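User: I would like to learn how to read a protein model, one feature at a time. Please give me the general idea first and then the case at hand.

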Amino acid sequence: MRFAVLLASLALSAAGLPAHAQSQAPGSPAAARTVDAAAVVAEVRRVIGERYVLPERRPALDAVLAEGLASGRYAVTDGAVLADRLNADLERVGQDRHLSFSFDPREAAVIAAGSVEEPGENPAFERLIRRANHGVTDLRLLPGNVRLMTYDGFHWIGAESAAALDTAMRFLAGGDAVIIDLRGNGGGDPKAVQYVISRFLPAGTPLTTFYMNGSAEPDDFSTLETPPEQRMIGKPLYILTSGDTGSAAEEFTGHVAGYHLGEIVGANTAGAAFRNDIVTVGDQFVLSVSVGRPVLASTGKDWEAVGHAPTVETEIPAALDVAHAAALRRLAPDAPAEERPVLEAVAEAMEARALQPAPELDLAAYAGVYGERTLTTDGVRLSSRRGDGPSFPLIALGGNRFAVESAPAMLMVFEATGGAVQAMTVEYVGGPVQPRIERSAPAR
């Protein structure tokens with residue numbers, strides 16, 4: 001698996017984030033230009049031999065490239081074919097998710113236009129980061145004042161990225177619990193990691209030491225001083241992860257896990273620890289080469305080829321609902337007495353949406369007219385409509401109980417005998433008791 005950020009059809013890299021676009025299809029106009037395979041392979045061997053992070057692995061990588069050249073495997077003039085073959089060999093021998101080779105003249109041109117590591121030196125790259133809102137793709141208020149940030153890349157171009165993250169951090173800090181969704185986050189810049197994690201730890205807390213190939217001294221990162229209105233030390237925190245959570249996103253996850261700041265919900269992360277540089281080979285190819293090894297201060301280890309295991313393992317699509325339910329259950333005991341039943345009810349509904357318990361009867365048995373409400377089913381879900389209003393899906397809670405998805409503290413409880421439904425009661429958790437409504441007719 002390759003970790004990349006695809007923005008506006010260009011795969012690019014922030015410092016520490018590999019970029020790998022899909023190779024152009026053989027025969028396409030971009031692939032029509034012939035290449036000097038021997039020269040390309042020689043340059044890749046040179047860069048790996050001089051810069052690859054693990055010196056003991058360099059001979060094996062060089063040997064597979066030399067063998068590919070000698071055997072005629074690389075004796076092609078189509079750049080896309082050459083890149084696919086060379087990259088397959090690097091992946092097989094290197095087992096390194098930051099080591100990749102691609103045929104991508106567009107990306108090569110963007111990289112050649114300026115540095116992607118220093119703000120102000122690559123205008124094309126910076127435009128793409130701005131359009132992606134610096135990686136923050138969703139801020140959402142969930143029931144129970146749980147705040148969600150979907151963060152798809154630890155992008156960093158300096159002050160503008162800091163400002164975007166400040167806005168997101170102020171929003172999150174207003175919540176009683178925080179969920180950060182990294183399921184689609186392939187990584188980014190350690191500066192962005194440092195900027196965000198500093199909200200959850202005291203200033204000056206050691207974070208990561210990067211042992212960069214060729215540097216006399218390692219790079220050490222510690223947490224920053226942060227504005228009081230953005231601090232979230234001790235706030236319930238849930239990080240959503242998947243096998244696509246890689247690189248800098250794993251560094252962030254490692255801080256949360258290593259310092260016991262919150263729960264990791266979802267699946268094991270990718271195991272892509274090394275830092276990389278993106279270099280051009282000629283004017284058509286892009287090589288991502290690992291050049292640094294990170295060590296977490298909280299554990300004294302890296303996570304290469306291992307990743308971080310979740311503390312709450314669940315199916316990846318269900319992770320948000322599982323985390324939301326866990327947050328509500330954690331908040332409920334300390335909430336005002338009148339709010340606790342609502343928090344517990346919403347938690348039950350979120351859990352049910354994730355786990356999908358079967359109702360007691362077939363959904364068609366519940367369909368029908370109940371006073372001014374009409375219930376219908378498409379065979380997968382039950383929905384309720386009041387009069388001529390919009391239709392709202394229901395969440396099966398198990399038995400004969402359902403919750404309204406858009407208002408999970410509103411329940412519909414059915415009475416059934418012998419497989420037939422006779423009546424339904426609408427219950428507003430924490431509210432007054434509602435009258436029983438008989439089923440008067442099948443659904444129209």
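User: Is Thr-226 buried or exposed?

Analyst: Buried means under 20% relative accessible area, exposed over 50%, and partly exposed in between, with a 1.4 Å probe and protein chains only. Thr-226 has a relative accessible area of 7%, so Thr-226 is buried. This is a predicted model: local features need pLDDT of at least 70, side-chain atom pairs count only at pLDDT 80 or more, and totals for chains, interfaces and linings use all residues. Residues are numbered from 1 along each chain as its sequence is written, and side-chain values use heavy atoms, with hydrogens and water left out.

User: Where is the place of Thr-226, and which residues does Thr-226 touch?

Analyst: Helices (H or I, at least four residues) and strands (E, at least two) are DSSP runs, numbered from the N terminus. Thr-226 is in the loop between β8 (219-222) and β9 (237-241). A contact means heavy atoms within 4.5 Å. Not counting residues up to four places away in sequence, Thr-226 touches Ser-198, Arg-199 and Arg-231.

User: What does the secondary structure of the protein come to, and how many of its residues count as buried?

Analyst: The protein has eleven helices and 21 strands. Of its 444 residues, 53% count as buried. Taken along the principal axes, the C-alpha atoms fill a box of roughly 80 × 50 × 35 Å.

User: Which residues of α7 are buried?

Analyst: An α-helix has 3.6 residues a turn, so residues three or four places apart point the same way. In α7, seven of the eight residues are buried: Pro-190, Ala-192, Val-193, Gln-194, Tyr-195, Val-196 and Ile-197. These buried residues pack against β5 (146-151), α6 (159-173), β7, β8, α8 and β11.

User: At what angle do α7 and α8 cross?

Analyst: Axes are lines fitted to C-alpha atoms, for helices over the stretch in contact, and angles run from 0 to 180 degrees between N-to-C directions. The axes of α7 (residues 190-197) and α8 (residues 248-258) come within 9 Å and cross at roughly 30°. Angles under 35 degrees count as roughly parallel, over 145 as roughly antiparallel, 65 to 115 as roughly perpendicular and the rest as oblique. The two helices α7 and α8 are therefore roughly parallel to each other.

User: Which residues of α7 and α8 meet?

Analyst: From α7, Pro-190, Val-193, Val-196 and Ile-197 meet Ala-248, Glu-251, Phe-252, His-255 and Val-256 of α8. The residues of this contact divide into seven nonpolar, one polar and one charged. Here Ala, Val, Leu, Ile, Met, Phe, Trp, Tyr, Cys and Pro count as nonpolar, Asp, Glu, Lys and Arg as charged, and the others, Gly among them, as polar.

User: How many bridges join β7 to β8?

Analyst: Strands of a sheet pair through backbone hydrogen bonds, either parallel or antiparallel. Two strands pair if DSSP finds at least two bridges between them. Four bridges join β7 to β8, and the two run antiparallel; Thr-209 stands opposite Asp-220 in β8. Five bridges join β7 to β12, also antiparallel, with Met-212 opposite Gly-292 in β12. Five of the seven residues of β7 (residues 206-212) are buried.

User: What is found in the hairpin of β11 and β12?

Analyst: Strand β11 (residues 275-281) pairs with β12 (residues 285-296) in the antiparallel sense over seven bridges. The bridge partner of Asn-276 in β12 is Ser-290. The hairpin has three residues between the strands, and Gly-282 takes a positive phi near 65°.

User: Which strands close into a barrel?

Analyst: Eight strands do, in the order β14-β15-β16-β17-β18-β19-β20-β21, with antiparallel pairing. The twist averages 35° from one strand to the next. Strands β14 (residues 368-370) and β21 (residues 436-441) pair over two bridges, and Val-369 has Ala-441 in β21 as its bridge partner. Helix α10 (residues 340-355) lies across β17 (391-398), β18 (401-404) and β19 (407-417), running at about 90° to β17.

User: What is the phi of His-134, and what is the phi of His-260?

Analyst: Phi of His-134 is near 60°, a positive value in a residue other than glycine. At 6% relative accessibility, His-134 counts as buried. Phi of His-260 is near 55°, again positive, but His-260 is exposed, with a relative accessible area of 71%.
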